[in-house]
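Dear colleague,

I am handing over the structure below, and after it you will find notes on what was found. Please read them with the structure open beside you.

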Amino acid sequence: MTSSPGEDEEKEGPVIRDKRRIDPETGEVRERAENQPAPEAAADGGAGKVSDEELSSVKTQLAERLADLQRLKAEYDNYRKRVERDRVAVREQALGQVLSELLPVLDDIGRARDHDELTGGFKSVAESLEAVTGKLGLERYGEKGEPFDPTVHEALMHSLSAEVTETSVVDVLQPGYRIGERILRPARVAVADPDPDAGPDAGTGESGERPGDDGE
């Protein structure tokens with residue numbers, strides 16, 4: 001007696017084809033059958049080459065991304081430099097405000113030194129104060145004989161002199177102070193211009209003297 005197709009399926013049971021490469025029981029990689037195509041080849045339909053148009057498109061995109069990264073890095077570097085510059089400026093401004101309050105004290109110390117009154121304990125304190133302000137970057141400037149510079153000097157007196165060949169400082173009435181390139185107070189000075197009417201020996205004769213000239 002011949003069995004029907006339905007009876008054969010009921011006896012044999014459903015057919016299961018496990019295509020997983022890892023055996024769930026042993027955990028080992030299963031060998032692929034010789035006639036089974038590789039997954040990569042099946043996925044791309046056997047095409048293993050990239051066209052010139054696609055390669056050119058990828059290179060263009062890479063160049064654009066590289067340009068974006070370079071521009072972003074340049075912007076960050078400029079931002080970092082600007083922040084550092086602002087930080088230094090704020091520090092100098094705050095320090096300058098504090099040191100400006102000490103300038104009258106330093107002036108008193110200078111006058112006492114000029115009159116040989118800087119002695120004893122006062123001398124030790126004065127020198128310590130000058131050393132501390134020096135470490136903070138405070139610089140005193142203004143000397144006789146140096147060229148006059150209107151950006152750092154303030155001329156309070158003016159005269160003509162045969163002893164100078166350019167506008168020069170002939171006396172320092174009050175020293176100047178600065179921190180780096182920042183002027184806290186300009187040096188207040190007396191200046192002299194070359195005398196156009198003075199002869200070669202004008203500095204020794206009475207004819208070379210003018211009212212207001214330096215009499216040295």
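**The sheet and its surroundings**

Gln 174 has Arg 188, in strand 6, as its bridge partner. The model is a predicted one, in which local features need pLDDT of at least 70 and side-chain atom pairs count only at pLDDT 80 or more, while totals for chains, interfaces and linings use all residues. Residues are numbered from 1 along each chain as its sequence is written, and side-chain values use heavy atoms, with hydrogens and water left out.

Strand 3 and strand 6 (residues 187-194) run antiparallel and are joined by 5 bridges, where strands are DSSP runs of E with at least two residues, and helices are runs of H or I with at least four, both numbered from the N terminus. Two strands are said to pair if DSSP finds at least two bridges between them. The open sheet has 3 strands in the order 2-6-3, with mixed pairing; its edges are strand 2 (153-161) and strand 3 (168-174), each of which pairs on one side only.

Within strand 2 lies Ser 161, which counts as buried because its relative accessibility is 7% (buried means under 20% relative accessible area, exposed over 50%, partly exposed in between, with a 1.4 Å probe and protein chains only). A polar atom of the Ser 161 side chain lies 3.1 Å from the backbone nitrogen of Glu 163.

Elsewhere, Val 83 belongs to helix 3 (residues 52-100), and this residue counts as partly exposed because its relative accessibility is 41%.

Conventions:
Polar contact = N/O pair within 3.5 Å; in protein donor to acceptor, adjacent residues only side chain to side chain.
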